[in-house]
Amino acid sequence: MDPTVLDRSIPELAGLVTRGEVSAEEVTTACLDRITKRDGALGAFLTVQADEALEAARAVDQKRARGEALGPLAGVPIGIKDALCTRDAPTTAGSRILLRPASKGEAAADPRRGFRPPYDATVVARLRAAGAVLVGKTNMDEFAMGSSNENSAFFPARNPWDPTRTPGGSSGGSAVCVAAGLAPGALGSDTGGSIRQPAALTGTVGIKPTYGRVSRYGLVAFASSLDQVGPFAADVRSAARLLGVIAGHDPHDQTSLGAPVAHYEDACGRDVKGLRIGVPEEYFAKGIEPAVEKSVREALAGLVSLGCELVPVRLPHTRYAVATYYVLATAEASSNLSRYDGVRFGARAEGAEDLAALYARTRGQNFGREVARRIVLGTYVLSAGYYDAYYLRAQRVRTLIRRDFEEVFRQVDVLAAPVSPTVAFPLGERVDDPLAMYLADIYTLPASLAGVPALSVPCAPTPAADGVPSLPVGLQLVGPPLEEARLCALAAAWEGISPARGSRPKVSGA
Amino acid sequence: MPPAPEGPATLAEDEVRSLARLANLDLPDAEIQRLTGDLGRILAYVRQLEELDVTGIEPTLHVEIERAPLRADEPHESLPHEIALREAPRTSMEGFAVPGFVEED
């Protein structure tokens with residue numbers, strides 16, 4: 001089989017399998033082969049479940065042979081962020097603390113020794129039910145804390161457009177998986193930009209749905225008032241199909257919304273003429289790289305050529321988003337991560353004389369630096385004496401940020417803005433400066449705090465210059481709650497005329 | 001201008017050490033030192049939230065797009081005992097094994 005079938009869109013690929021023009025087993029074999037040949041240099045996957053994937057693929061083929069109806073993702077290989085529980089398959093959340101203790105002769109940090117969940121996350125179960133073939137667990141910043149994938153406890157993921165650069169994070173492995181053609185789709189999670197930013201930096205499409213639209217049951221919790229699962233794909237229609245499969249009410253998630261799921265994929269052909277697009281001036285402020293701004297402004301002009309109207313708008317509390325986010329997210333994380341104690345699963349420090357020492361040593365030895373930093377910061381902002389000054393105040397500012405969006409969506413249908421102020425940055429550039437890393441999340445955090453849906457779709461890459469190759473740039477589209485279909489319609493229309501359409505990085509290996 | 005929160009803008013190393021203890025994190029001194037510097041810089045940045053007058057503004061604990069439906073309160077099967085224990089680093093007498101935590105005379 002021609003391996004370039006893996007580069008087809010997800011609807012096309014599922015169609016080929018459904019019509020029997022190619023078998024799910026052939027597709028999966030080609031996918032696993034590509035991962036073997038390409039991923040050594042990229043680090044997108046922490047673990048690959050080859051046997052289970054082939055078995056799932058054969059089950060799809062047998063179902064077809066029996067004349068049974070196949071699901072909308074029949075035979076489509078998908079990468080799963082390692083923050084999502086996959087039944088009996090290693091799940092690490094990028095952390096050593098979720099590794100079972102090593103036996104003699106075993107490597108200290110091998111993600112294959114990850115926690116084996118007794119159940120599937122709801123989104124994982126839904127993918128399986130739709131006929132998807134789960135090929136492996138993708139690399140990420142530890143507990144989804146980071147914007148460069150360098151906080152993975154195992155190895156960094158590399159950007160296929162330039163392997164000396166980060167793919168972004170925290171869902172970096174999922175973004176690389178799709179950008180490098182290792183699998184046509186992947187799931188990630190977005191707490192403050194962890195889907196949109198890596199999508200932008202790797203030239204893929206990534207969607208952060210409305211808070212509550214997609215179940216988080218089985219997602220390793222980071223900041224529960226912000227976490228949301230969403231898809232990555234190479235094109236909007238493919239991402240829309242994935243979103244359609246994973247969205248919808250789940251009785252296992254208390255925050256899951258009951259609203260009916262819209263037809264995201266059908267929306268991709270919809271006319272966008274007459275849409276009012278808000279352009280927030282705060283998103284083009286000082287700090288954005290000129291080449292990124294140029295590319296995004298060209299995309300805005302493209303939206304006008306599609307019949308949309310641009311409206312300058314203001315989101316005046318944008319500048320407080322980073323501070324608000326880092327108070328609230330760290331507070332929630334300090335609470336959520338208290339469950340890692342060396343008792344019920346994962347790593348355990350040996351030789352502790354009492355329970356307190358067992359907890360403290362297990363956690364001290366196995367959490368990475370960024371995770372420890374955020375737990376301590378979260379503990380501080382929640383502590384007596386500082387609670388009102390930091391935590392409660394940040395919750396009030398969050399209300400102001402939400403109101404900015406409510407206000408602006410009375411005037412416009414969608415917001416269009418950059419995703420990241422810069423293109424993919426060199427590995428190592430920001431590791432010693434956490435604040436600089438945080439500040440670069442300024443364009444993605446507000447939509448997370450407001451709980452509104454947002455996506456990243458590629459616009460023109462920057463031109464190559466001074467030894468720096470041409471690198472992807474993302475256009476961010478933000479909508480009112482539950483208007484993912486509108487975002488898909490506009491993103492698909494833009495994609496049809498985008499100069500980035502169809503461009504892929506050159507990756508060596510079949 | 002709202003009143004500034006009580007307490008220093010930066011943290012002392014001892015304060016960070018006691019926060020780490022509260023968070024059940026046993027960290028080496030070099031890490032405590034590094035954390036003290038990092039947290040000081042981050043908190044100095046976070047203090048810009050004090051510029052805003054938030055009097056009378058309701059806090060957002062959770063964005064509520066709509067009321068999330070409640071599930072029926074019905075009994076259902078839970079994890080089988082052996083599966084619940086499967087991932088525990090140490091078990092004893094069909095339970096999770098931990099060091100003693102009750103003082104015995």
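This is a short tour of a predicted model, stop by stop, with something to select at each one.

Residues are numbered from 1 along each chain as its sequence is written, while chains are lettered from A and ligands numbered from 1 in the order in which they are written. Because the model is predicted, local features need pLDDT of at least 70 and side-chain atom pairs count only at pLDDT 80 or more, whereas totals for chains, interfaces and linings use all residues; side-chain values use heavy atoms, with hydrogens and water left out.

**Stop 1: where the chains meet**

Show chains A and B together. Here 59 residues of chain B are in contact with 78 residues of chain A, contact being heavy atoms within 4.5 Å. The two chains bury about 6,100 Å² between them, with 65% of it on carbon and sulfur atoms; buried area is the accessible area (1.4 Å probe) that two parts lose on being put together, summed over both.

Six salt bridges are found across this interface, a salt bridge being a side-chain nitrogen of Lys or Arg within 4 Å of a carboxyl oxygen of Asp or Glu. Select Asp38(B) and Arg373(A) for one of them, at 2.6 Å from N to O. There are also 25 residue pairs in polar contact between chain B and chain A, both residues being at pLDDT 80 or more. A polar contact is a pair of N or O atoms within 3.5 Å; within protein, one must be able to donate a hydrogen and the other to accept it, and residues adjacent in sequence count only if both atoms are side-chain atoms.

Which elements give two or more residues to the side of chain B that touches chain A? They are α1 (13–22) and α2 (29–46) of chain B, and α2(B) gives the most, with 10 residues. Helices (H or I, at least four residues) and strands (E, at least two) are DSSP runs, numbered from the N terminus.

**Stop 2: the aromatic cluster**

Now move into chain A and select Phe115(A), Phe143(A), Tyr340(A), Phe345(A) and Phe367(A), which form one aromatic cluster. Over all chains, the structure holds 14 aromatic pairs. Phe143(A) and Phe367(A) make an edge-to-face pair, 6.0 Å centre to centre with 65° between the planes. Phe143(A) sits in the loop between β3 and α5 of chain A and Phe367(A) in the loop between α11 (355–366) and α12 (369–382), so this pair ties together parts that are 224 residues apart in sequence. The rings of Tyr340(A) and Phe345(A) are also edge-to-face, because their centres are 6.0 Å apart and their planes lie at 70°. For the cut-offs, rings of Phe, Tyr and Trp (its six-membered ring) pair if their centres lie within 6.5 Å; planes under 30 degrees apart count as stacked, over 60 as edge-to-face and the rest as tilted.

Buried means under 20% relative accessible area, exposed over 50%, and partly exposed in between (1.4 Å probe, protein chains only).

**Stop 3: along the β3–α5 loop**

Stay in the loop between β3 (133–138) and α5 (172–179) of chain A, and pick Ser152(A). Its relative accessibility is 10%, so Ser152(A) counts as buried. A polar atom of the Ser152(A) side chain lies 3.2 Å from the backbone oxygen of Phe155(A). Not counting residues up to four places away in sequence, Ser152(A) touches several residues, among them Leu46(A), Gly94(A) and Asn139(A).

Pro163(A) is in this loop as well, and is partly exposed at 39%.

**Stop 4: Arg113(A) and α4(A)**

Next, select Arg113(A), in the loop between β2 (77–81) and α4 (122–129) of chain A. Arg113(A) is buried at 7% relative accessibility, and its side chain reaches the backbone oxygen of Ala108(A) at 3.0 Å.

Follow the chain to α4(A), where Thr122(A), Val123(A), Val124(A) and Leu127(A) are buried. Their cover includes β2, β3, β4 (185–190), β6 (228–233) and α7 (236–246) of chain A. Just after α4(A), look for Gly131(A), which takes a positive phi of about 95°.
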